[in-house]
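I opened the model and kept notes as I went. Each entry records one thing I looked up.

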Amino acid sequence: MSTEGPVVNVHVLFFAKSRELANTPRSKVDVPVEIIASDLLDQLVSRFGLTSIQNSLILAHNESYIENLSDKILLKEGDELAIIPPLSGG
Amino acid sequence: MDHVKLVQVPIDITHIHQLLADEGCGASSVFVGTTRNNFQGKTVVSLAYEAYDNMAVKEMNKICSDLREKWPDLKHIVIYHRLGNVPVCEASVVIAASSPHRSEALESVSFAIDQLKTRVPIWKKEIYEGDNISEWKENKESFRPKKSLSAFNYAACPCKVEESHDVPRSLVQIRVNDAELTKRLECFVNKKRAEINSQNVIDFKSPLVDSDKDFSDSCARTQSTIIKQEQSNCHLKVRRVNNRCGPQQMELRPNYEFELNKLMGSRDGVTDPSKEIRKSLPNSRLQAIELYMGLTTDNEENIFSRIKKVENRMLQLESISPEYRHFTNLEPSSREPPLPKRIKKKSYSAHELSVFIQKIKDGREINE
């Protein structure tokens with residue numbers, strides 16, 4: 001992953017369709033300490049082959065939704081990111 | 001009390017009732033979501049649920065606190081969700097609430113299931129009978145990325161910004177590459193051009209065409225006459241534009257076609273008079289000549305062939321009777337030989353004659 005400046009290693013979790021496409025339930029990646037959520041999502045999407053469902057994905061950071069993808073997020077070593085496809089609970 | 005749980009085994013409804021029981025509560029509402037056995041004509045065998053466990057429990061707890069905020073009288077709240085493989089007709093989710101009066105219990109449970117479908121990270125996959133490929137379901141209520149953000153992939157448009165021109169990203173409204181920006185600018189310019197063009201068309205059209213439009217504020221260019229306003233004290237010399245030939249004044253100008261048609265003899269000024277002329281001309285003059293020449297012609301005949309006939313007739317008459325041309329000559333006097341001039345003869349006296357002779361004599365002497 002092309003990154004400039006300091007990077008941290010974080011966990012990435014995949015669920016449902018994204019888990020099947022990524023072919024793994026979890027992974028670890030290096031990401032910039034400071035990044036716009038949409039850019040982060042795009043990086044993860046291209047890295048794990050999720051382009052087919054890209055437009056329906058949202059991100060969760062440390063078990064909280066990133067409500068606005070244009071927000072800047074600050075990451076720490078060992079943080080947990082989750083790729084959330086459309087929900088179907090109930 | 002809040003009871004929130006993700007379970008791998010069938011949910012026991014009687015256990016839920018026990019959790020809800022409270023002496024002060026006159027109502028308990030229980031919603032049980034069960035798995036359907038069909039989807040779009042395909043038979044569903046079972047559903048496989050998975051969850052982002054920690055976050056799901058977190059979100060379910062958030063729903064509980066939301067409910068308590070909205071309906072403070074609620075006593076107990078239960079949210080149980082089953083995970084793993086759930087055969088059809090079995091409960092996948094149970095949401096229950098107890099309260100002193102029924103409305104809180106009923107309303108809160110309804111609200112809670114909507115919230116659960118919207119934000120609790122749980123997914124189900126329908127497994128169908130036969131060879132149908134199993135599908136991940138999507139709740140229509142599901143939390144989704146905002147359309148405006150998903151519609152455009154900013155990352156696909158890398159925008160290199162020089163350090164010296166770095167602007168805080170929160171202040172930048174448009175993040176596109178040069179090609180996209182150029183395209184947008186072009187579109188904008190084209191749109192503006194089209195707007196101006198259409199406005200000009202309206203300005204330069206005769207107002208009679210659509211008289212409902214107000215032309216007082218039109219900025220159409222005009223050929224205007226400037227007339228100095230009388231008794232104006234302004235040092236700027238205020239003048240009034242007397243617009244006589246601008247596009248708005250088009251209807252005030254003479255209609256040349258109309259006038260011309262009138263001159264040409266059209267009674268109403270609209271019809272082209274050349275047809276009438278074609279009829280009236282032979283009827284009056286040419287017909288008179290033909291009559292004089294003893295020719296019989298058809299009015300509908302081509303005018304040139306009729307003239308040709310007249311000419312032939314004249315040549316023929318000239319050849320058989322030369323004096324006839326005097327009749328047809330426009331200026332017979334000029335053709336006639338001039339009348340013989342009467343020459344006035346001068347008479348000389350004897351003295352004059354002798355002087356004349358002397359002159360001749362002298363001349364001869366000089367010459368000799």
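The cut-offs I used: buried means 20 or more other C-beta atoms within 10 Å of a residue's own, exposed means 12 or fewer, and partly exposed is in between, with C-beta atoms placed from the backbone. B:Lys70 is found in helix H2 of chain B. I also checked B:Lys70 against B:Glu104, which is 34 residues away along the chain; their C-alpha atoms are separated by 9.1 Å.

A note on the source: this is a predicted model, in which local features need pLDDT of at least 70, side-chain atom pairs count only at pLDDT 80 or more, and totals for chains, interfaces and linings use all residues. Residues are numbered from 1 along each chain as its sequence is written, and chains are lettered from A and ligands numbered from 1 in the order in which they are written.

**Helix H3 of chain B**

I moved to H3(B). Helices (H or I, at least four residues) and strands (E, at least two) are DSSP runs, numbered from the N terminus. H3(B) has 18 residues and reaches 26 Å from first C-alpha to last, close to the 26 Å expected at 1.5 Å a residue. That expected span is 1.5 Å times one less than the number of residues.

I listed the buried residues of H3(B); among them are B:Glu104, B:Ala105, B:Ile113 and B:Arg119. What do the buried residues of H3(B) pack against? They pack against strand E2 (27-34), H2, strand E5 (76-82) and E7 of chain B.

I took B:Ile113 from this helix for a closer look. B:Ile113 counts as buried because it has 20 C-beta neighbours inside 10 Å. Not counting residues up to four places away in sequence, B:Ile113 touches A:Gly90, B:Phe31, B:Gly33 and B:Ile95. Contact here means C-beta atoms, placed from the backbone, within 7 Å. B:Val93 is 20 residues from B:Ile113 in sequence and 8.9 Å away in space, C-alpha to C-alpha.

**The chain B sheet**

Next I traced an open sheet of 4 strands in chain B, in the order E1-E5-E7-E2, with mixed pairing. Two strands pair if DSSP finds at least two bridges between them. Strand E1 (2-7) and E2 of chain B are the edge strands, each pairing on one side only. From one strand to the next the twist averages 5 degrees. E2(B) and E7(B) are antiparallel, joined by 8 bridges. In this pair, B:Val30 stands opposite B:Ala96 of E7(B).

H3(B) packs on the sheet, touching E2, E5 and E7 of chain B, and its direction makes about 145 degrees with that of E7(B). H2(B) lies across E1 and E5 of chain B, at about 155 degrees to E1(B). Axes are lines fitted to C-alpha atoms, for helices over the stretch in contact; angles run from 0 to 180 degrees between N-to-C directions.

**The chain A sheet**

I then turned to chain A. An open sheet of 5 strands runs E2-E1-E7-E4-E5, again with mixed pairing. Its edge strands are E2 (26-32) and E5 (64-65) of chain A. E1(A) pairs with E2(A) in the antiparallel sense over 7 bridges. E1(A) and E7(A) run parallel, with 4 bridges. A:Phe14 has A:Ile83 of E7(A) as its bridge partner. E4(A) and E7(A) run antiparallel, also with 4 bridges. E7(A) is mostly covered, with 4 of its 5 residues buried.

**Between the chains**

How many residues of chain B are in contact with chain A? I found 32, facing 25 residues of chain A. The chain B side divides into 15 nonpolar, 8 polar and 9 charged residues. Ala, Val, Leu, Ile, Met, Phe, Trp, Tyr, Cys and Pro count as nonpolar, Asp, Glu, Lys and Arg as charged, and the others, Gly among them, as polar.

Last, I looked at A:Phe15. Leaving aside neighbours within four places in sequence, A:Phe15 has contacts that include A:Ile83, B:Tyr52 and B:Trp123.

Technical notes. Two residues are in contact if their C-beta atoms, placed from the backbone, lie within 7 Å.
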